[in-house]
Structure formats: C-alpha cells, structure tokens
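Here are my notes on the model, point by point. Please read them with the structure open.

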Amino acid sequence: MLMAEAWESIHEIHLEPAYEAFICPLTGKVMRDPVTLENGHTFEREAIEKWFRECQEEGRKIICPLTRKQLHSVDLNPSIALRNTIEEWTKRNDAIMIEISRRSLSSSTPEPDVLQTFDYIQTLCQKKKAHKQAIRSAGLIPMIVDMLKNASSRVRLKSLETLRNIAEGDDDNKEEISGGDTIRTIVKFLSQDHSETRLEAVLLLYELSKSEKLSEKIGEVRGAILLLVSMSSSKSESVQAVDTAIKTLGNLESCEKNVLQMAENGWLAPLLRLLLQGSPETKVAMTEYLGELALSNDVKLQVAETAGRALVEFLKTGPKPAREAALRALAQISTADASAAALLRSGLLPPLMSTLLTVGPTRLKELSAAVLADLVSAPDGAAAAAAIPLSPLGLTLTSEPTVHSLLHVVSNAGPTIESRLLHALAALSSSPATAAPIAAAVLSSGAAPSLALLPLAPNPDLRLPAVKLLRRLAPFLAPHLAAALLSAPAQLLALARAATATPPTEEQAETAALLADLAHANHTLAHRLFPAAADLLAATRAPRPSRFSAAHAASLSRLLSSLTFLLDDPSVVSFSKANDLCALFVDMLDKPPEQAAAAATALEQLSRQSRRLAAPPPRSKTLFCGLFQKHQADTCRVHGGVCSARENFCLVRAGAVGKLVGCLETAEVAAAAMAALCTLLEDGQDLAAAVEALEEVDGVERVLDVLAEGGREEGLRRRAVWAGERLLRDGEIAARAGSRRSLGVALVEAFQIGDTTTKQLAEKALNHINRLPKFSGIYSKKS
C-alpha cells in the first residue's frame, strides 16, 4: 500500500482503506470467502479449513485459533453480506488502481513506479479474468505496448511479461496487443543479447500464436520464423526458451504460408507432415514446394528417410502433375550422397527407370536422368543400384537390354539427358565388376565408335562424362576405341592438343588420362599422337596452378612415356635426343608415385636403346690426344661405348640408377623401376660393370631385398627373380646372399608357383647359392 499511497499523493486519487472486519486473523489478508464459526469469529474459508486439518493430523482438540477454546462444531457459515461488501470494496479499489496505473504509464514516471504499476497489473490479471477486460477498456494495452520502446531494459522486459499476462486466455486482448507494428517489435526482441528478454518475447509470441489469425500475422513479419527456428535448435538458450520456440512454431503451422517459410529455414517437419497426411491437393502442393527448396545435405537425408517412399509412390501411381512434382523433389534431395542411398532403399530405381525408358514428356526424362546420375554417383551407389532388379525377369542396370536402352536414349535425346546418362554410365562403370558387362553391352550395341568420338563433341557438358565413361571402359574396349579415334586422325590430334592446355580443367586431366591409357595399349595410336609431342612436352614442363594439376601431370607423363615405345622411328629418337627426354624422366622419378611409375617405364624403353645408340669407343691413340682422352672419359663401362643421357639415354650417365633403386621402396613404382634396372643386366652388356654400378648405390642388396620379400604382384616378382639370378652369378654376391633364409624361401616359392621361365631362373638362382643339386636338365633351355 506504500506505493499506492505515493500514487494517491501524486494523482490525488484515494483508495478506500481495508476495514478490520475484511482481514482474516489467520492470513492477515483481505478475505475472499469469509465464513463464521459457532462462536461468531470470521475467517477465510481456506485458512480455517487448513487449521482444522492440522488439529486433526496432530491429534489435538479442534479449537478456535483466536479464543483457543474448543469448538463443538466445525460447521462453517458463509458470511454472505461481508463477502458482498468486500467484493464491492475490491471492485472500487481495483477500478481506482487501474486508473492510477493508467496515469502512471508515461515516459515521465520514474522507473520504479512504472515497474510497480506492471506488478499490480499482473496481480489484477491473475486475480480475476474480468480484470483483463477492464484493463483493455481502460486503454492500458496501448500504453503498455508503448513501454516496449522505453530506454530502460528493465521496463521493456516487464512490459513483455505484463502483456503476456494480459493476453493469456483473452482473444480480444491478443487482438489489441497485435495492432500496429507490435508483433514486429516483439520479434525484434528475439535477437536481443539479453536472454531474459528473449525468453519473455518468445513466451509472448507463443501466447499470441494460439490465435490462428495472429499466427498468420506473426509469419508475415520478416525474420520471425527464421529467429524462432534458430532459437528452437540453439544450444545457448534455456530449455524453456527452446521448448517455447518449438511450441510457437507448432502453433504457426496452422497457416500453410508459415509451413513453407519454416521449410525455407530448415524446419521441414511440418511440410513433411502435410506431404504425408494432407489432402491430395495439399500433398501435391507440398511436393512441388519441396522441389524448389535449397536444402542442406542433412535436411535432404531427413526428407529421403521421412518422405522417400511417399515420393516413390507418387512417381509410380500419381497423375502427371504429381509425378513431375515428385521427380523435382527427388532431383533436389538425391544430390546428397546419404540421401541417394536412402532413396535406393526406398524402392525408387524401378519406377525411375520406367519413367526414363518409356515414352513420355521430355521434362520427366530429364529429371529422371538427373536423379539416376545422382543415385549411382554416390559412394557405393553404383554397386547398390546394379544389384537391384528392375523387373520380374531379373534385369538390372548393367544387363545388356538395359544398357542398350540407355544407349538408345543417349543417341536420340537432347544434350541435357545425354549428359546426365553419360554421367550415370560412367558412375556405373566405376568398378571392373560393373564395367565389364557395360563394356560388353556397348560392344554388342555397336555404340563403341560413336562413344569414342564424344570427347570431340562441341558441347562441353557432354565431353567430361564421355571421357570418364571411356576411361573406365578402356580396359575392355581399348582396341575398338583406338580404332575409332585412328579413323579420325585430325580430331585425334586436336583432342591431344586440347588435353595439354594449362592450367588444366577436370576434362583435360581426364582426356589426357584416356589418351595415355589408349596410347600404352595401342602403339599405332601413340605414333599418331607424335605430331603433338611438342605441345605435350611443353605442357609437361609448364606450371599448372589447378586442383587437377597432380592428376593432369601424371597423365601427361604417362602419355609422354608412350612415345618411348616408338624408338624404332628415327624421328622419335631425334625428338627424344633434342629434348633430352632421358633427363626429364629421371627428374620425374622424384614426383608422386603415378608420375614416377610412368617415368620409370619410359626409362626402361629408353635404356633398351642405349647399347644400340652408343658411339663406338676410340680404337687407338691418335695425334688428337685431347680428343682421345675425352672419348676415353665418356666411354661407359656398362655399354662399352661413348654414352650420355642425351645422345643414347644411358641410365648410368643420367644418374638414374640410384633414383631407380630408391623407387623400389614405393609399391606403386617398384615394378616399373625394377624393369628399368633390369635393362642394365641384359646380355650384350658388361654384367660385372652393371653389378658394380648397382653396388655403388646399394642397389644389389635392395634388389635382393625385393626378391626376398616375395608375396608382391606377379610382374614385380618375375622381374626380381630375373635380376636376382643375374646378380647371384657373382660369386661374392652369392656367398653373401647364401645365408639369407628369406631369399631362399622366396626363390623356392618362385620355383614352385612361377611360370616356366621364372621356374628356370629360380632354379638357377638356387644353384648359385647352393640350395639345389645340379639338375638343370629337367627344363628345356630357352635362348
């Protein structure tokens, strides 16, 4: 009452004092339901009943709390006249207090008085629902709303709290509160730094959102749903704030526009509920909207798992609008790897292929092709899709009739469908198990020549997926693809030159890789590429600032190395000398494994020419002593002639031996490096000198280590046995190696399971280290 007295003095409005008869002796408060005992004393009903219960529970006699005398009856007689008097008094004072509150809510009122006013208004609201109507009638609501813009954060917070009390259970008050831009103001509080303010704002919005009309109005405020969605998933908000935000969003679902906004902001559950449970028209509308949304990968997975089967059902049995809407939605969500896998599990593939391969609108085919490409491009998607039966006959994606049908669509459809189906076929061919049947179907369909020329297509959207597909089919179709490219020599050279452009794109990296694969498999094609050798060499040496640089460099190295299979052509030899290819490939041995392996293969081919191309050593001293001494210094101990890296590709002169020995440590390069080293140990050269050159770089021990390790891929083991037998002819080396048990075990294994040539070599090697009796006559000798 002290604050009320202060208000009275300010506003000259007087409250009627509470008479003593109004006060309950037990509670000290004004009574609401006064009752009288048999002795004439009056109490609040609830308070005296509690007193009686306590007496009984404690086993005491029931006495009057004032007189302390025993009561013979616990009957309570309502004091109706007193109650009516108190009610009239209360009404008059409440009306006075409402008027005082109205006069107190102004910008000039001190903050404590304003806060006290809000406390009293909240008390009035909690006392009686009719007070809320009186507050509205007195015009207090606009005044409280104005306080939302007060400079004091405490006043703003109390304003929100008071408005919530006024709004609870009173639709008319909610309507008045939402007038003007009040909802916009409340929404702004959701982004305040002060957590209590955010909580009060969301509590008020929740109360207002219970009105369907106001739900639509809240959704129309820009950012309202975004802020609510953010709050609903926040880890920094209180549990109450998060829970209230979620309940508010639940109320806002009553408006379909709000559902769409929620979906835009990542709150997709309401839309999915309508898609699954709404009317047929609503289901189609939600599906259409789903196809237009930009979704995160997590949300795409949620959609696939929740609504995937429903979308598949639309595709199977729905009318054309529903089918197109479903395909748009599927095309939206299938781009995420996890959702693509979920869609495959939902049974999407058979109806999708039916839509793609049967007569129908082009737009449906375009969408179907896009979804198919996404499904099979996901990790493990190709294998999973290839295992799904498409018909009762058991046909799958890699079955010959299916591939024929896809190729037919590719050859007759527009570039959009063609590009996406090429992507799909390339993804399906990503493993040998699926590539083999697809390659067989391509061959039986007669499509190999036309596919081979697709990398030359003017449309860039076709070139990349076509090259990827051809790369994966090349192990099975190399002769056919090479023949098709050889039939168009001008285009082949144009393709080679385009593949050497820098900085490289993915298309250029893939094209270079395809040409390298085909050139290694078909030396005629490699020869046709020779006119582009200068461009190839320049690209190999050029900097390549691109994320595809490593793959491009490796492919260019392999493509360049294919030229070394053509050294029977003098022009290729001249080009190799002029451009010092031997030194270039030696430098490449320090590059990543794929590039180093290509370089080692090239060095093997170059080294095979070293003895043939070496200049004869000088026969005798002449008058030109200086020239004689120079030739003597250039004479190679291995090849017995005048050698150099540039002129005859000598590995010793090029400093390649040590690097090749080092490459034996790298699994991906070891076989090619061993093959190159073996060229130094071939007949017709000085074996002792070659062994000496290997000893100088610890190569002998490393070659024997590779042989002793065994268990490697067959090509490496075969070459290691060949080289080991040559090395073990040296008695000193054989003596050192004889004590190595693992070497003997590896040779015995090669002797038991190798091919005929390897068995012979293993037998000889075992004889060199005295592990076998002399019975070499068992096998026929080969020259």
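1. Helices here are DSSP runs of H or I with at least four residues, numbered from the N terminus. On that numbering, H480 sits in helix α27, residues 460–486. Keep in mind that this is a predicted model.

2. What surrounds H480? Leaving aside residues up to four places away in sequence, H480 touches L443 and A448. L443 is 37 residues from H480 along the chain, and their C-alpha atoms are separated by 8.5 Å. H480 is partly exposed, with a relative accessible area of 36%.

3. Look next at K132, in helix α5 (residues 129–137). K132 is buried, yet it has no salt bridge. E168 carries the nearest side chain of opposite charge, 4.7 Å away. A salt bridge needs the side-chain nitrogen within 4 Å of the carboxyl oxygen. K132 does touch E168, and also C125, N165, I166, D170 and N173, not counting residues up to four places away in sequence.

4. R136 also belongs to helix α5. Its side chain meets that of D172 in a salt bridge, 4.0 Å from N to O. D172 lies in helix α8 (residues 171–177), so the pair links distant parts of the chain, 36 residues apart. R136 is buried, with a relative accessible area of 18%. The cut-off for buried is under 20%.

5. How many salt bridges does the structure hold? The count is 46. In general, side chains of opposite charge can pair when their charged atoms come close.

6. K659 and D590 form one of these bridges, with the closest N and O atoms 2.8 Å apart. The pair links distant parts of the chain, 69 residues apart. K659 is in helix α39 (residues 656–663), while D590 is in the loop between α34 (581–588) and α35 (593–607). D590 is exposed, at 55%.

7. E696 and R637 give another salt bridge, 2.8 Å from N to O. Both partners lie in loops: E696 between α41 (687–695) and α42 (699–709), R637 between α37 (625–634) and α38 (645–648). The bridge therefore ties together parts that are 59 residues apart in sequence. R637 is partly exposed, with a relative accessible area of 32%.

8. Some salt bridges share partners. Which residues do they join into one network? The members are E665, E695, E701, R702, D705, E709, E732, R736 and R740.

9. Helix α10 covers residues 195–209, 15 residues in total. From first C-alpha to last it reaches 21 Å, close to the 21 Å expected at 1.5 Å a residue. Of its 15 residues, 13 are buried, so α10 is largely enclosed by the rest of the structure.

10. The structure holds two cavities of 30 Å³ or more. The largest cavity contains about 70 Å³ of space. Which residues line it? The lining is made of A496, T500, L529, A532, A533, L536, L559, S562 and L563.

Key. Residues are numbered from 1 along each chain as its sequence is written. This is a predicted model: local features need pLDDT of at least 70, side-chain atom pairs count only at pLDDT 80 or more; totals for chains, interfaces and linings use all residues. Side-chain values use heavy atoms; hydrogens and water are left out. Helices (H or I, at least four residues) and strands (E, at least two) are DSSP runs, numbered from the N terminus. Buried means under 20% relative accessible area, exposed over 50%, partly exposed in between (1.4 Å probe, protein chains only). Lys and Arg count as positive and Asp and Glu as negative; His and the chain ends are not counted. Contact means heavy atoms within 4.5 Å. The expected span of a helix is 1.5 Å times one less than its number of residues. On a 1 Å grid over the protein atoms alone, a cavity is a set of points where a 1.4 Å probe fits but cannot get out, and a pocket is an open set with protein on both sides within 12 Å along at least five of seven lines; lining residues have an atom within 4 Å of a point. Grid points are joined across faces, edges and corners, and a volume is the space filled by probe spheres set on the points.
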